[in-house]
Amino acid sequence: MLAPIGMSVYMRLNHIHRTVEALKKNALASKSILHIFSDAPREGDEAAVAEVRKFIKKIDGFAEVNITERETNSRVYNNRTGMRSLLDNYGKLIWMEEDIVTAPGFLEYMNSALEYYTDEDRVISITGYTPPIRLPQDYVNDVFFLQRFNAWGFGSWKNKFDRFEERIDPQDYRNKMKNREFHRKLVRNGPDLPRLIDRDVAGIIDALDLKIMYQQVLHDWYTVYPRQSLVQNIGHDGSGAHCRDLNIFHHDNLWAKAADFRFQKFSCPDERIVSENMKFRQLSSLGTVLEKFRHIRRCLA
């Protein structure tokens, strides 16, 4: 059984159009059920949301298209309730947002990986995105493992997703961060994580992916990545809720492979890839800081 595809949308019609058109080019699209969750408009966004809802009602190319239109605005509620309904009804899901452009092999890779790793207890998610890092020249596998969740086109299973706590206990977090070994493990998966998780724990942001990353380190859980990215996030143009105008995450080309993906049994992550990912996260954090500085300068000009 193919995993249902969940897609949350708001008001960026051009992004949604590009996302849907790319997804339709996947060979498994015509056999897959697409569930679209449309968030309600904030004041001033009514016309844009109405245009999006008009567009999604005309989408074809899938086995079935189901649309849920929210009556109140909440990005968090729209996403998490959408995920939960698919997991409860199907036992697994592929989830994406309105700014995720996929390669033609995305659905084949995701469904195959969900089948292959369904009984691997330490693999808790599959991602279609891979950051622009260099893999070792002698690395021949189609996938690798990192202890870092990525939500830009991801798949998971109900029995594993149910393990995630939707809230990090502040006191427990502070105690864990006092442990040097735990802090080292967290930073190993990205030096940006302590700062970002601090913001989540403090209630400044409410990010499910950060909560999952924290719990991955806590419980030794992993995410499967493709050796080349099957996903391009086009939301880094300054139009998204959390995405600034950055090109550090950009790929000039997505992986052209569309079938016969070779999966391997779970093994400890390749330390060379972990190191490359850590370097990339350092650069992306620096890029975010520089962009904030440029934004301040523009505002003062």
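How many helices and strands does the secondary structure of the protein come to? The tally is ten helices and ten strands. Both kinds of element are DSSP runs numbered from the N terminus, with helices being H or I runs of at least four residues and strands being E runs of at least two.

Before going further, a word on what you're looking at. This is a predicted model, where local features need pLDDT of at least 70, side-chain atom pairs count only at pLDDT 80 or more, and totals for chains, interfaces and linings use all residues. Residues are numbered from 1 along each chain as its sequence is written, and side-chain values use heavy atoms, with hydrogens and water left out.

**The whole chain**

Let's start with the overall form. A compact globule of 301 residues would have a radius of gyration near 19 Å, and the protein has 19 Å, so the two agree. That radius is taken over C-alpha atoms, and the globule rule is 2.2 Å times the number of residues to the power 0.38. Along the principal axes, the C-alpha atoms fill a box of roughly 55 × 55 × 35 Å.

Of the 301 residues, 51% are buried. Here buried means under 20% relative accessible area, exposed means over 50%, and partly exposed is in between, using a 1.4 Å probe and protein chains only. The accessible surface is about 14,700 Å², and carbon and sulfur atoms own 49% of it. Those areas come from the Shrake-Rupley method with a 1.4 Å probe, and for residues only the protein chains shown count as cover.

What about contacts, meaning heavy atoms within 4.5 Å? Among contacts with a separation of 6 or more, 82% join residues 24 or more positions apart.

As for charge, there are 44 positive and 41 negative side chains, and the centres of the two sets lie 4 Å apart. Lys and Arg count as positive, Asp and Glu as negative, while His and the chain ends are not counted. Each charge is placed at NZ of Lys, CZ of Arg, CG of Asp or CD of Glu.

Which residues touch the most other members of the largest nonpolar core? They are L23, F106, Y109, Y117 and I126, in a core of 52 residues. Helix α4 (residues 106-116) gives the most to this core, with six residues. A nonpolar core is a set of buried Ala, Val, Leu, Ile, Met, Phe, Trp, Tyr and Cys residues joined through side-chain atoms within 4.5 Å.

Take F106 as an example. Not counting residues up to four places away in sequence, F106 touches L23, N26, I94, M96, G128, G153, L230 and V231. There is also a second, separate core of 28 residues, and F37, M83, Y173 and L210 are among its members.

**A few residues to look up**

| Pair | Apart in sequence | Apart in space |
|---|---|---|
| K25 and T102 | 77 residues | 8.9 Å |
| V65 and D45 | 20 residues | 24 Å |

Y139 sits in the loop between β6 (123-127) and β7 (143-146). Its relative accessible area is 9%, so Y139 is buried. Leaving aside neighbours within four places in sequence, Y139 is in contact with F144, R227, Q264, D270 and I273.

G82 belongs to helix α3 (residues 75-90). With a relative accessible area of 0%, G82 is buried. Not counting residues up to four places away in sequence, G82 touches F37, R70, Y77 and W95.

Is K25 buried or exposed? K25 counts as exposed because its relative accessibility is 63%. You'll find K25 in the loop between α1 (13-24) and β2 (33-38).

V65 is in strand β3 (residues 64-69), and at 25% relative accessibility V65 counts as partly exposed. Setting aside neighbours within four places in sequence, V65 is in contact with L34, I36, I56 and I59.

Finally, check out two aspartates. D220 has a positive phi of about 65 degrees although it is not a glycine, and D220 lies in the loop between α9 (208-219) and β9 (222-226). At 33% relative accessibility, D220 is partly exposed. D260 has a positive phi of about 55 degrees, and D260 is not a glycine either. D260 is in the loop between β10 (231-233) and α10 (271-300), and D260 is exposed, with a relative accessible area of 67%.

Note on methods
Contact = heavy atoms within 4.5 Å.
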